[in-house]
Amino acid sequence: MPTTWNARLRIGVLALALAGCTPSGNDTDAAATSPPAPAPADSGAPSAEITPTQWPEVDWPLAADPDLENRIDALLATMTVEEKVGQIMQGDIDSITPEEVRKYRLGSILAGGGSDPGRRYNAAPQDWLDLADAFWEASMDTSGGGKAIPIIWGIDAMHGQSNIVGATLFPHNIGLGATRNPELLHEIARITAIETRTTGMEWTFAPTVAVPRDDRWGRAYEGYSEDPELVASYAGVFVQGLQGKPGTPEFLDDHHVMSSVKHYLGDGGTSDGKDQGDTVVSQAQLRDIHAAGYVPAIAAGAQAVMASFNSFHGEKMHGHGPLLTDVLKERMNFGGFIVGDWNGHGQVRGCTNTDCAQTFNAGLDMAMAPDSWKGMYESTLAHVQAGTIPMERLDDAVRRILRVKFRANLFEKPKPSERALGGRFELLGAPEHREVARRAVRESLVLLKNQDGILPLSPTSSVLVAGDGADNLSKQAGGWTLTWQGTDTRREDFPNADSIWDGLKAQVEAAGGRAELAVDGGYARKPDVAIVVFGEAPYAEFQGDLPDLMFKGGKSGDLELIRKLKTDGIPVVAVFLSGRPLWLNREINAADAFVAAWLPGSEGGGIADVLLRGADGDIQHDFKGKLGFSWPRRADQFANNHGQENYDPLFAFGFGLTYADDGDLAPLSEEPGVDPEAARSNAWFERGVATTGLTLRLVGADDSATDVVHPAAETTDGSLEMSAVNTEIQEGARAFAWSGDGTVQLRANTPLDLERETNGDVFVVATVRVDALPSDGEATLLAGCGPDCAGELPIGDALAKLPQGEWTRLGVQLKCLRAAGADTARLDMPFALRTGAGARIALSHVAPGTDFDHKVDCATQ
């Protein structure tokens, strides 16, 4: 039976109480090992109807403050319509300058994934603080008119202040869910707030209280658990750790930051686990499962809630008045403001990124319009002046934003660098912060197999550490780490971090043992044991969406590596890095012990603390982690949540061995339930051919078109010829030679909807080899859906800068193509290259992505 909302609210209150005290070790252990209550069953006929009276009422913890309201009234009375509209806009630092804030009086800025000072992902902390000062000074400058209203800066401090070089990186939420430790979550939030304040931000877009119900979802690791009660037990505690306790002097002081609870609502329940997709569940399921975290979060005084990209029965949440206003603001008594997600308003029916009155009328208070803020400002101002957006609604939105700013005493505060923690960069990765993160790593590890009690290992033995995750901090930290996808970082970007190898090496050598690192498993002297660290490559959001839960292994051949070591007579401990449970029966069978380590962050030493005995031979730390997500028996078992009918996981929710348990595991079936060789690529062109659903077409100077069938082809007028060339595989690419004007096109049989990728700053990435440039130096990249929605970008200069005769990856932002005229929601030609006589260019791969070597600077093309 579903847990009642009164009972669920008591859970939230209990979680809040835990934030004010430290439970005993025995209490923590009991919570970790007690059998879970069943989650609400996914039952009930799906309906789009919302009845607010069936939703919980929440006690907002902040009493009415007449003095504060009088200050807001006085300020509102002096504000122009233009200033009010400015307050409800949020622009991204990559697309707005302090001077524009000074002119348009925007209420907020953000640094989205991939947005950094000077467009440098590894910008120094001082650069961030300097930029915070510059934006604050612009918002407070009245020399050109306007009111001095301090701007607020929001940022995705997803697992610590993960945008800043040197910050403490905690395990991602999926790992924290395995700890079953609300007190630890409170401490992590408190530290995150401190490190965020050092670089000038007052606001983090956290916590994520999604309840992922389909593990194919690329954001599953942002959720604590598939279980709504577990999520609810963390939500209020984390909010209070970030913001401080309402009613006390610490609340929103200089050591705390605003919280944005996200993503409201149902982001973890979309059909097929598709990011930004449609959540087609009943109202009861939406309330009892997906809204579980909002009750304790509101009770803790969360100052903001972020609207979600997903739809509920086809209606986008950014335009869903019954859920935004009737339920959240009125029924649940939410007293903060609702902020949008990255151009999410543009997905509302009838809206664009630069024009959406509907979203404000539905209840959104601040539009996250990162690169569209100016157009959104102008259209919103026109809507208010025309009465399309009532002045009463605008004033309510502005009042909610100003109320938060007054609560944080920002009007009385100096610029960010002069506040209590501004510039105290020694707090980034401070030893005491890293120790908390290391504890979180220890408590998040889940032991799934320990055949013949091979663990814990003696540190005095000879230990081989292998696998491409062993000494790889990018893989260890995952997405949302310095870069949006967590890719293209270097070891020196993590000055306050230990890889898993670092931690193991230090302890083994300190105890007198021998440690050797070999990613490929080679060794100079046969070791006593091997620890193989492997897993998923970093990803974020829809880049991580999967068709099933089949783990295919990395380029190094993880399964083959484990089997090779076993063939050599070496016991193997497998440490798996991932953002979700995946089907790994073959790897689990092959290894003697198997540890789910999730995405542990900066403190690889926490893994050594648990896997190795101390130098005295005693156990240092036992396994405490318990699965927050059920582990699949087959690769097609992606909707695999406890409480559902026919629940049959390999390892159930709450499973996790300790050293006292029998860790032996009978051989598992190695039938995955899906085709293990099925393609799992989002590419449009690879290995020299167009992928399923697309056609490679050559268009000559006379506009004649030739669809390519064979490895060699040419246009009827002879202006463009194609031949096969080898890459790392035979005929893995196609070379194109132009003797006149001609175009290489990729045509989609069914139009592609790339709007979410466009909003998410995804690129079209082509792996190219430029052998010769055209005689006139001109080349054009195209995308479109017919003559009325074609986008063209000149890329001749970009091609000229590439190393000739070498393979390289060239990226161009989808939003640049959209700005050039392409409708990215219905592309039937997602990629085309047009150039002229003398050009010789080869292509091996074209796909949407974020990983490239060079990019087209659209602003200068």
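Predicted model: local features only at pLDDT ≥ 70, side-chain atom pairs only at ≥ 80, totals over all residues.
1. In this note a residue counts as buried when its relative accessible area is under 20%.

2. Strand S13 covers residues 462-466. The side chains of Ser462, Leu464 and Ala466 point one way from the strand, while Val463 and Val465 point the other way, and all are buried. Because 5 of the 5 residues of S13 are buried, the strand is largely enclosed by the rest of the structure.

3. S13 has parallel pairings with two strands. With S14 (residues 514-517) the pairing is parallel and extends over 4 bridges; here Val465 stands opposite Leu517. With S15 (residues 529-535) S13 also runs parallel, again joined by 4 bridges, and Leu464 stands opposite Ala530.

4. These strands belong to an open sheet of 6 strands, ordered S12-S17-S16-S15-S13-S14, in which the pairing is mixed. S12 (446-450) and S14 stand at the edges with a single partner strand each, so one side of either strand is left without a neighbour in the sheet. From one strand to the next, the twist averages 20°.

5. Two helices deserve mention alongside the sheet. Helix H18 (residues 500-510) packs on the sheet and touches S13, S14, S15 and S16 (572-577); the direction of H18 makes about 160° with that of S14. Helix H19 (residues 558-567) lies across S13, S15 and S16, and runs at about 175° to S15.

6. Turning to the nonpolar cores, the largest has 123 residues. The members that touch the most other members are Trp153, Tyr264, Tyr294, Leu323, Phe337 and Leu402. A second, separate core comprises 84 residues, including Leu559, Ala596, Trp631 and Leu694. In soluble globular proteins, nonpolar side chains tend to be buried together.

7. Tyr294 may be inspected individually. With neighbours within four places in sequence set aside, Tyr294 is in contact with Val209, Val261, Lys262, His263, Tyr264, Leu265, Val305 and Met332. Among these partners, Tyr264 is itself one of the residues of the largest core that touch the most other members.

Notes
Residues numbered from 1 in each chain as written. Heavy atoms only, no water. Core = buried A, V, L, I, M, F, W, Y, C linked by side-chain atoms within 4.5 Å. Buried < 20%, exposed > 50% of the residue type's maximum accessible area, 1.4 Å probe, protein only. Contact = heavy atoms within 4.5 Å. Pairing = 2+ DSSP bridges. Axes fitted to C-alpha atoms, helices over the stretch in contact; angles between N-to-C directions.
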